[in-house]
Amino acid sequence: MARKALTMETVRKLFALSGNQCAFPGCDHPLVDDGDYVAEVCHIEAANIGGQRYNPNMTDDERRSPANLLVLCHRHHKKTDRLHLYTVEKLKRIKEEHERQFVGKPFSVSEKLIKDAIYEELFFWDDVTQINKSAMDEFDLIMPVDAELSFLDLLNEAIKCQDDLIAIIGDNANTFNLLHDDIGFFLEKIGYDREKYDSVKYYENPFCNVQWEMLNIGSPNIYRRLMTIILQIKIHYLFLKLKANPTDESVLIALKTAQDEIKERAKNVACVD
C-alpha cells in the first residue's frame, strides 16, 4: 500500500523550523534555492515496511507527523541509511537540536513549494506504482514498472536488456545464415535437383545472405554504440554522486571501474565494416 500523503500543514511546520538549511549537523545546504525545492523529506522511522528504522507499532498518521520527519539535503539523507550510525534516537536528537535554533524565527515557503515537497519527493513513484498495478490488474500483459530500482540498478537492467537483445540478433543471424543450406536440404529431401538450386549465384538467390548487412554490420555497431552511451551516462551519474558523497568508498570503486572500462572502449572498440 502506498504511504499516506503528508499534509500541507505538516510540511509547513517542517520548513518553519528548518532555517532553510539541511538539519544534519554542520551542513548549511539550503532547502529552497532561488525559488526551487532542492531538499528531501526524511522519515526517522520509515513510512513503509522494509524501510530504514520501520516501526510496525506506529500508525500511518504517526509516521507522517512532523515529529517523525526532518528535511535534509540529498547527501545527508543518503547517509542516514546507515542504520548502525543513525538510530531513531540519534535522528530525533539531530532534529531537536536543529529546530531549537529556529524557534521564534520561522522560515516560510510558498504553497507551490510545499506541494513540490509533498508530491515530487515522496509520491511521484507511488503514483506510478499504483497506476501500473491497476493496469496490470485489468490486463495481465501490462509490463511491470519497478519504481524501487535505483539509478545504478536501472543502468544494470538496461545493460542486461542489451545483452539479451544482441543474443536474439545473434540467433536470427544464425538462422538466416543457415537458410540457404536448409532450403537446399529440404528441396533435396522432397526430390528436387539440389545441383540446380546450388548453381544459382548467391547474389541472385533470395535465400542467400538474407539481411546480412543489418545482422552482421548494422546491429553490432548500434549495440556497441549503445553500450558506450550507457557507460558514459553511468560515469556522469557517479561523478555527481561522488560530489554529494565524497567519502563513499563504494561510489569511488564503481567510478574507477567505469572509468577504466570507458578508456578501454575508447582505445579498442572498433566499428564492424
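Is histidine 98 buried or exposed? Histidine 98 is buried, because its relative accessible area is 6%, where buried means under 20% relative accessible area, exposed over 50%, and partly exposed in between, with a 1.4 Å probe and protein chains only.

## Basis of the model

This is a predicted model, in which local features need pLDDT of at least 70 and side-chain atom pairs count only at pLDDT 80 or more, while totals for chains, interfaces and linings use all residues. Residues are numbered from 1 along each chain as its sequence is written, and side-chain values use heavy atoms, with hydrogens and water left out.

Histidine 98 belongs to helix α4 (residues 88–100); helices (H or I, at least four residues) and strands (E, at least two) are DSSP runs, numbered from the N terminus. Leaving aside neighbours within four places in sequence, histidine 98 is in contact (heavy atoms within 4.5 Å) with Leu17, Ser18, Gln21, Cys22 and Ala23. A polar atom of the histidine 98 side chain lies 3.4 Å from the backbone oxygen of glutamine 21. The C-alpha atoms of histidine 98 and aspartate 127, 29 residues apart along the chain, are separated by 32 Å.

Histidine 236, in helix α8 (residues 212–244), counts as exposed, because its relative accessibility is 57%. Between the C-alpha atoms of histidine 236 and leucine 255, 19 residues apart along the chain, the separation is 9.2 Å.

## Helix α6

Helix α6 covers residues 151–189, and its 39 residues should span 57 Å at 1.5 Å a residue, which agrees with the 55 Å between its end C-alpha atoms; the expected span is 1.5 Å times one less than the number of residues. At leucine 179, α6 bends by about 45 degrees, the bend being the angle between axes fitted to the seven residues ending there and the seven starting there.

Leu155, Gln162, Ile169, Ala173, His180, Ile183 and Gly184 are buried in α6. Just after this helix, glycine 191 takes a positive phi of about 100 degrees.

## Aromatic pairs

A search of the whole structure finds two aromatic pairs, meaning that ring centres of Phe, Tyr or Trp (its six-membered ring) lie within 6.5 Å, with planes under 30 degrees apart counted as stacked, over 60 as edge-to-face and the rest as tilted. One of them joins phenylalanine 15 and tyrosine 37 edge-to-face, at 6.1 Å centre to centre and with 65 degrees between the planes. Because phenylalanine 15 lies in helix α1 (residues 8–16) and tyrosine 37 in strand β2 (residues 36–37), this pair ties together parts that are 22 residues apart in sequence. Both phenylalanine 15 and tyrosine 37 are buried.

Methods: A polar contact is a pair of N or O atoms within 3.5 Å; within protein, one must be able to donate a hydrogen and the other to accept it, and residues adjacent in sequence count only if both atoms are side-chain atoms.
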